[in-house]
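Keep the sequence and the 3D view open as you read.

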Amino acid sequence: MIRHARVIAGVVTSSAVLALWGCTEPTKPISEGPRFAGIGTTGKATPINACGTTINAPGTYALTDDLEDCTANGITVTVSDVSILLDGHTIDGDGHSFDGSAAFSGIAVGVGVAGGVRNVRIQGPGTIQQFDIGVHFEGVSNSQMVGVTSDGNFFGLAPNAGFDA
C-alpha cells in the first residue's frame, strides 16, 4: 500500500484519477514526514466555501462545500506552506474553453509568483472538473497531491509549467 508518494511528472486528462509515482517512506502519513511538518490535517482549518478564493497566508484550508460553476480559478495559492483539504468535495468549473487566451484552473498554485512556492499539499478525496486545467502547478517545489480525481478538464494536471529554477 502506497501511503507516501510524490508526483514526478505527467499530464492526466479527463476522467482520470491523478496517479502518483516515486514511493518513499511507505509507513508514515505525508503530514507526519519532515518535508511537511506543520502542514496537514491537525489543527483548525480555515474554511473555503466560494469560487475565486485566493490563499495568501500559510496554513491549512478545508473545503466546507462544493464549489460550483466557477467562472475563473476555483482556488489560487500564492504562498508557500499550505495544505488544502478537499474533504470529499468537488470544485466545478463552467466548462473548459481552452483557446490560449485565458486558462482557468480548479486549483492554481504558484501561477505568476516570482520565485515560486514550496510545501503545498492538496489532499483528497475530492474531484476537480470542467476547467481548462484541473490543477496547475507553476514554479512549485516540494509539494504533493493525493487522492484527487480529475474529470472533464482539458488538462488534468499541469505540473511545474513555466518553472525556471
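Isoleucine 128 has serine 150 in E14 as its bridge partner. That contact belongs to a pairing of E11 with strand E14 (residues 144–151). The model is predicted, so treat each point below as a computed result.

**E11 and E14**
- 7 bridges link E11 and E14, and the two strands pair in the parallel sense.
- Strand E11 covers residues 120–129.
- Is E11 mostly covered or mostly open? E11 is mostly covered, with 8 of its 10 residues buried.
- In a regular strand, side chains alternate between the two faces of the sheet.

**Other partners of E11**
- Strand E7 (residues 82–85) runs parallel to E11, and 4 bridges join them.
- Valine 82 sits opposite valine 120 of E11.
- Strand E8 (residues 90–93) also pairs with E11 in the parallel sense, over 3 bridges.
- Which residue in E11 is the bridge partner of threonine 90? The partner is threonine 127.

- Where is aspartate 65 found? Aspartate 65 lies in the loop between strand E4 (59–63) and strand E5 (67–70).
- Why does aspartate 65 count as partly exposed? Its relative accessibility is 46%, and partly exposed means between the buried limit of under 20% and the exposed limit of over 50%.

Definitions and conventions
Residues numbered from 1 in each chain as written. Predicted model: local features only at pLDDT ≥ 70, side-chain atom pairs only at ≥ 80, totals over all residues. Heavy atoms only, no water. Buried < 20%, exposed > 50% of the residue type's maximum accessible area, 1.4 Å probe, protein only. Pairing = 2+ DSSP bridges.
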